[in-house]
Amino acid sequence: MDPLNQVRDPMLLESIINFAGMIGLVGMILLSIVLVFKMERLRTLNAELAKLRRAFEELDEQAKLIVRTDLELHRAQEELDKKVAGLVTLQKLTRLLTTTLDEEEIFHKLDERNICELGYDRALGFTRDGQGSFLVRIAIGYAPAEAQALAGEFTGQPMIVDKVLGKSNVFASSDSDRTAQEIPRLLKALGLSSFVCAPIPQKDGAIGALVLGYESPYTHLTDSDKDLVYVLAAQIGQALENAKLFEEQWRAQQDLENKIQQRTRELTAALQEIKAISKRKSDFISAVSHELRTPLTSIKGYASIVAAGKLGELPPAAKERIEKINKHSDNLSSLINNLLDIARIESGREVLKFEAVNLKALADNLADMLAPPMKDKGIEFSIQIPPEVPLVRADRNQIDRVFINIVGNAIKFTPPGGRITVAARLQDPQTVEIKVSDTGIGIAPNDLEKIFEEFYRVDNEVNQSAKGTGLGLTLVKYIVEAHHGKLSVSSQVGHGSHFIFTLPKA
Amino acid sequence: MSILIGIGTSNKKDPFAAASEAANFALHQIHHKEITLALLFSTIHFADKRLLEGITYNLGRVPVLGCTGANLITSKGITNYGVGLMLFSCPGKLRLGCAASHNIHLQNARDAGKEFADLALHNLGGTQRDLALIFPDGLIENGSEFLRGIKEAFGLSFPIFGGSSADNLRFHRTFQYFNGQLLSQSIVGAVFAGDNLFGIGLRHGWKPLGRPHLITEAKGNVIKKIEDKPAVSIYEEYFGKTLAEIKKDLIRISIYYPLGIYVAGEAEYLLRNALRIDDDGGLVCQGDAAQGSDARLMMGTKDWALEAATEAAKEARAGLEGKTIKGALIFESISRHKLLGRLTERELLRIKEVLGNIPIIGIGTFGEQAPLKALERHGETYFHNETIAILAIGEPHGSA
């Protein structure tokens with residue numbers, strides 16, 4: 001059968017068409033199913049993508065949050081770093097400033113290196129001088145003439161004068177008050193992007209100001225800048241105050257020292273004069289005494305011859321007169337001898353013969369020697385020199401005279417039945433103290449200072465009746481001093497006296 | 001003869017006295033031997049002719065290179081006020097050709113770079129060369145452009161190492177030292193030839209934050225548009241601040257949050273500081289940023305910065321391939337010191353832990369120059385921001 005005829009068979013053709021339609025339909029259905037699945041997948045992917053995009057955007061938003069927070073953290077960290085670094089440097093500077101007592105040096109300490117360490121680029125410091133104008137003390141980053149002009153510029157700003165110098169407040173170029181016009185001009189003149197100006201305070205208010213500034217426009221001022229500059233300026237003020245006080249104290253001390261030196265010079269001159277006078281006096285006394293002693297010896301000699309009756313027996317009245325001449329001659333001789341001794345010791349002409357002297361033996365000897373007058377007055381004599389008291393280094397004869405004079409006086413001024421004590425002790429390892437005490441009439445306080453003066457005699461009943469030269473205690477004083485000892489007296493009227501002197505241990 | 005390296009420092013107020021003190025310290029350490037090179041660095045306070053006069057007076061006419069820094073780094077510590085001098089005595093081991101190109105702001109930066117490099121090569125003579133050390137003015141707006149000129153002369157893969165001079169963050173004027181001359185707006189440096197004595201380490205430690213942003217329009221160092229919006233919008237959006245606020249705080253924000261440009265094959269992003277904002281909202285950066293690349297906002301922490309210093313030191317040490325380390329130069333972005341704050345000294349300790357107690361000198365810079373390591377970059381030198389670059393100097397064991 002012709003295939004064409006077969007196709008032309010309507011039934012067959014219909015069957016073929018139906019089959020093809022079926023296939024197409026199935027294909028369409030399958031395609032639709034695939035498409036639906038694909039669409040679904042696409043939708044899922046789109047949803048995933050949208051989710052991812054959203055997450056991505058959210059992450060980006062979080063990143064924004066992170067950087068904003070981080071920026072603030074950096075700001076806080078910078079501020080903290082600045083504060084810590086500033087405090088460390090400030091502490092160092094404070095130490096430098098407080099150990100400086102020279103005004104110029106205080107300002108020199110704030111040199112470029114220190115200002116740089118504080119984190120600033122330039123500095124200007126000025127203080128009032130005596131005439132009321134301002135003197136530049138710190139100029140870092142400025143030539144001297146430029147700095148002086150800038151100080152004038154600063155102090156010409158009423159706002160700064162009022163706020164900083166008047167009210168002692170700190171001022172920053174970033175302070176937003178009525179500074180809009182003035183500050184930019186000042187900043188330009190200073191060559192700075194920002195600055196802090198703080199008063200240099202003293203008790204009576206600000207004496208000047210300290211300006212520290214940044215050149216970099218990218219360094220912003222903060223409150224810590226104000227605190228830092230304020231504290232530094234206060235430290236300068238304190239250091240200046242200290243320097244001023246030190247200067248005043250130093251000057252006062254210098255004045256005092258000058259006065260002392262002047263007074264010492266005057267006293268030395270006076271002492272020299274006194275010594276010269278004293279020497280002249282000693283020389284005079286010595287000369288006069290020598291001149292007096294020669295004729296006195298003759299008088300005494302002749303008087304003795306006459307009194308002895310070698311020139312014939314004298315009538316009683318003449319004999320009595322001759323004996324008086326003899327006695328007065330003895331007194332005069334004693335006076336002259338004392339004067340000569342004093343003059344010799346005072347002038348250093350008397351050479352002492354030092355030796356080891358046993359005080360106990362000396363006192364015992366003295367007791368024997370003065371026993372008669374003491375016995376006459378019923379005076380008890382006591383020696384209290386323990387064996388452990390060492391020997392003294394002294395001129396035996398001169399120390400004998402010291403004892404005789406002091407104990408002799410004690411006998412003289414102690415009423416009958418009284419007591420005289422000679423005691424000694426070791427005052428320190430090198431010195432022996434000797435004390436002569438009596439229960440005599442005592443010495444009035446105003447006489448105590450004078451009894452060692454030459455020819456001074458206390459005005460009392462005993463002296464009025466008894467003879468004396470007024471040279472005994474003077475001689476004692478010279479002898480003790482010639483032994484490098486000290487002599488003192490204490491007394492109470494009616495209760496006796498204590499004469500104390502020291503001698504070096506042998 | 002062994003390489004001798006000595007350092008001297010001073011903070012004497014008078015620049016001449018400071019130079020003298022530093023010179024005498026350093027001379028003592030090299031036993032007064034012949035000086036091959038003197039590297040002189042100081043903070044801005046000492047940028048004075050008398051500083052160089054002091055150096056010449058004490059050392060005679062020796063090659064002097066250096067510049068001012070935002071701070072001074074030496075083995076003794078980091079200071080904001082001082083002078084540091086490193087003396088090299090290595091006759092016969094190191095040859096150098098020094099050069100300076102002046103007034104680079106007045107000429108095309110690329111031409112200035114080329115002029116510098118040609119002159120250095122001419123002064124070096126011969127064909128062998130190992131490394132170039134450069135100190136360009138840190139206030140040049142596009143640090144990549146003069147580098148391009150230098151690379152034209154030296155070749156793309158030639159290692160260039162350096163630090164951009166800085167001032168006390170005033171961004172007003174920086175200085176370069178070249179023999180007896182006190183220069184500004186110049187580039188000074190030298191090209192060295194020797195026994196491959198150098199190892200370079202480079203790291204910053206900043207990490208990306210947030211999503212990538214496509215740079216849709218850029219020209220040289222100006223990123224004009226990011227995702228078809230003015231580039232500054234990236235900062236506006238992230239910090240939630242107005243344009244005026246961003247303008248006011250840009251340097252600060254940019255120091256803490258630089259932009260990172262993805263560099264294929266590199267361990268870290270290439271960082272860019274924005275210096276200012278153009279009228280059209282474009283960000284003017286210190287170095288190039290290519291159109292079509294992804295920019296990320298970067299964030300740093302003290303720990304990451306310290307870790308980066310350790311890594312950079314290790315990398316520099318590894319670059320010496322076992323040689324004895326004799327000394328090191330550190331050029332480190334001042335931004336890092338802002339981030340580290342009082343921990344800055346700790347960073348130096350980290351470096352010394354790796355390199356040992358050797359003479360170290362360097363400065364806080366306004367930009368760093370060092371080669372990238374990735375194979376795709378063929379060792380090409382790039383301009384960096386916020387980075388610590390360490391150059392270790394060594395010599396083979398047993399050298400005498």
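In which kind of crossing, left-handed or right-handed, does α7(B) pass α9(B)? This is a predicted model, in which local features need pLDDT of at least 70, side-chain atom pairs count only at pLDDT 80 or more, and totals for chains, interfaces and linings use all residues. Residues are numbered from 1 along each chain as its sequence is written, with chains lettered from A and ligands numbered from 1 in the order in which they are written.

Start with the helices, which, like strands, are DSSP runs numbered from the N terminus (helices H or I, at least four residues; strands E, at least two). The axes of α7 (residues 302-319) and α9 (residues 344-355) of chain B come within 9 Å and cross at roughly 30°; axes are lines fitted to C-alpha atoms, for helices over the stretch in contact, and angles run from 0 to 180 degrees between N-to-C directions. That makes α7(B) roughly parallel to α9(B) (angles under 35 degrees count as such). The crossing is right-handed, meaning that the near helix is turned clockwise from the far one by less than a right angle. Among the residues making the contact are Ala309(B) of α7(B) and Ile351(B) of α9(B) (contact: C-beta atoms, placed from the backbone, within 7 Å).

Over in chain A, five strands form an open, mixed sheet in the order β7-β9-β10-β12-β11, where two strands pair if DSSP finds at least two bridges between them. The edges are β7 (380-384) and β11 (487-492) of chain A. Seven bridges join β10(A) to β12(A), which run antiparallel, and Val432(A) stands opposite Leu503(A) in β12(A).

Note on methods
Angles under 35 degrees count as roughly parallel, over 145 as roughly antiparallel, 65 to 115 as roughly perpendicular and the rest as oblique. Two residues are in contact if their C-beta atoms, placed from the backbone, lie within 7 Å.
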